[in-house]
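Please look over the structure below before reading on.

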Amino acid sequence: MTTSTDVARIAERLDALPFTRRHARVLGGSGLGWALDAMDVGLISFVIAALSAQWQLAPTEASWIASAGFAGMAIGASVGGLLADRFGRRHVFALTLLVYGVATGASALVGGLAALLALRFVVGLGLGAELPVASTYVSEFAPARMRGRVIVFLEAFWAIGWTAAALIGYLVVPASADGWRWAFALGAIPAAYALLVRWGLPESPRWLASRGRDAEASAIVGDFEAAAGRVSFTAAATEVGEEHRAPRARVRALWAAPLRRRTAALWLLWFCVNFSYYGAFIWIPTILVSQGYDLVRSFGFTLIITLAQLPGYAVAAWLIEAWGRRATLATFLAGSAVSAVFFGTASGEVAVIAAGMALSFFNLGAWGALYAATPETYPTTLRATGSGWAAGVGRIASIVAPLSVPPLLGLGGAPLLFVVFAAFFAVAVVAALFLREERGRALAEG
């Protein structure tokens, strides 16, 4: 037994705070890492299109490049969540950025497909672990009354990173035969940023309190209270036990009552959304090229489509606290399903861009709501594990999706492909209705 500030009291102090500059620092620091992640994932869609022509890759070989990264992400997400619940959010967050930043930079030097596949797997390990850890980390600082909105704002950094990737894809990748190498070199930026994260951001006080480290937890909350102009105080200490569950026991706990139904709904949601999102957006530039648009024009269309992500996040950020998590998520998933059908059957530049922008708007708004809902589902001692395993299950779909695109295109072209994506979105709508509504509720502790 160790002496610790009452976990519930730490949570009450955090939930009572207004949004301060300290919250903005946590959000901005985590969000920049999130944007760099998106830039890396987005870049690969442009690199695949360029290498398919330069290396004369068959469609199946090109799909391996994306799937290798997602295979790493599946493992990284599952392991990263377990590590974050054991060793802390901040340390794992910094390590993941370092791993995938270095591996992305090294990808610029490869001379063949095998080496690129190996490095993309390592990139995926870091990238897959970072995203669920970052959303868990930020959610544990955000006050309950605005937590959903804050997480959607965090997810909105994805649009910034993907837009940066689209700009690099449009301006750098087609500029020379080595353009894709320069694109990967720019992806090494997170390696340097990891050091800033390690020393610049505080550890989650909820996690510290759950580990019996009351003085550290109270001091961090006190800094946030001081930033809000409030007098900090030391809460009464109580005896609590440190959480030392083995990794296997943590995973089993996700399926114990009353979490079983929530876990099942989340895993199905993550699987379906990952399949449709990565199946579509990783391949959009290549699909456009196959439809007769040249590389520069295809990349230009993709850039315009990407810009629609930002208003999608903005609307989702407002609705998630006005309507709640379930209604917002289900609405944006339904919009994604309809948009996917229209994109698959669109002909002509205006129709392609309009349908693509609608798909981008609804799909990324859905992602924002999903990332907000996921960490809220679990108590502090299981939060990163639960988020990581949900993301890991989703990454299985992101491995399968790029591999499924070439045969589906061969069977029925873009119309069949995007009808399949729409069907997965429709299943996700049903799964979203089984989530517990957490709008305005305090995060579960314990």
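**A helix and what surrounds it**

The expected span is 1.5 Å times one less than the number of residues, and helices are DSSP runs (H or I, at least four residues) numbered from the N terminus. This is a predicted model, in which local features need pLDDT of at least 70 and side-chain atom pairs count only at pLDDT 80 or more, while totals for chains, interfaces and linings use all residues. Residues are numbered from 1 along each chain as its sequence is written, and side-chain values use heavy atoms, with hydrogens and water left out.

- In H10, the buried residues include Ala217, Ile220, Val221 and Phe224, where buried means under 20% relative accessible area, exposed means over 50% and partly exposed lies in between (1.4 Å probe, protein chains only).
- After H10 comes Gly229, which has a positive phi near 80 degrees.

**Nonpolar core**

- The largest nonpolar core has 146 residues, and Trp158, Ile282, Leu333 and Phe418 have the most contacts inside it; such a core is a set of buried Ala, Val, Leu, Ile, Met, Phe, Trp, Tyr and Cys residues joined through side-chain atoms within 4.5 Å.
- Helix H18 (residues 380-432) gives the most to this core, with 19 residues.
- Leaving aside neighbours within four places in sequence, Leu333 is in contact (heavy atoms within 4.5 Å) with residues including Leu269, Ala366 and Phe425.
- Ser336 lies in helix H16 (residues 325-345) and is buried, with a relative accessible area of 0%; with neighbours within four places in sequence set aside, its contacts are Leu359, Phe362, Asn363 and Phe425.

**Nonpolar surface patch**

- A nonpolar surface patch of about 780 Å² includes Ile75, Phe87, Leu95, Phe121 and Val122, and helices H3 (59-87), H4 (89-107) and H5 (113-139) each give two or more residues to it.
- Patches are made of residues with over 30% relative accessible area and no salt bridge, with like charges joined within 9 Å and nonpolar side chains (Val, Leu, Ile, Met, Phe, Trp, Tyr) within 5 Å; accessible areas come from the Shrake-Rupley method with a 1.4 Å probe.
- Val122, in helix H5, is partly exposed, with a relative accessible area of 31%.

**Salt bridges**

- The count comes to 13 salt bridges, each being a side-chain nitrogen of Lys or Arg within 4 Å of a carboxyl oxygen of Asp or Glu.
- Arg147 forms a salt bridge with Glu376, the closest N and O atoms being 2.9 Å apart. Arg147 lies in helix H6 (residues 147-171) and Glu376 in helix H17 (residues 349-376), so the pair ties together parts that are 229 residues apart in sequence.
- Arg147 is buried at 0% relative accessibility, and Glu376 is buried with a relative accessible area of 3%.
- Asp85 and Arg89 are both buried and form a salt bridge whose closest N and O atoms are 2.6 Å apart; a network of salt bridges links Asp85, Arg89, Glu140 and Arg383.

**Backbone details**

- Most residues other than glycine have a negative phi, and most peptide bonds are trans.
- Gln56, although not a glycine, has a positive phi of about 55 degrees, and at 65% relative accessibility Gln56 counts as exposed.
- The peptide bond from Ala257 to Pro258 is cis, with omega near 5 degrees, and Pro258 is found in the loop between helix H11 (247-253) and helix H12 (260-281).
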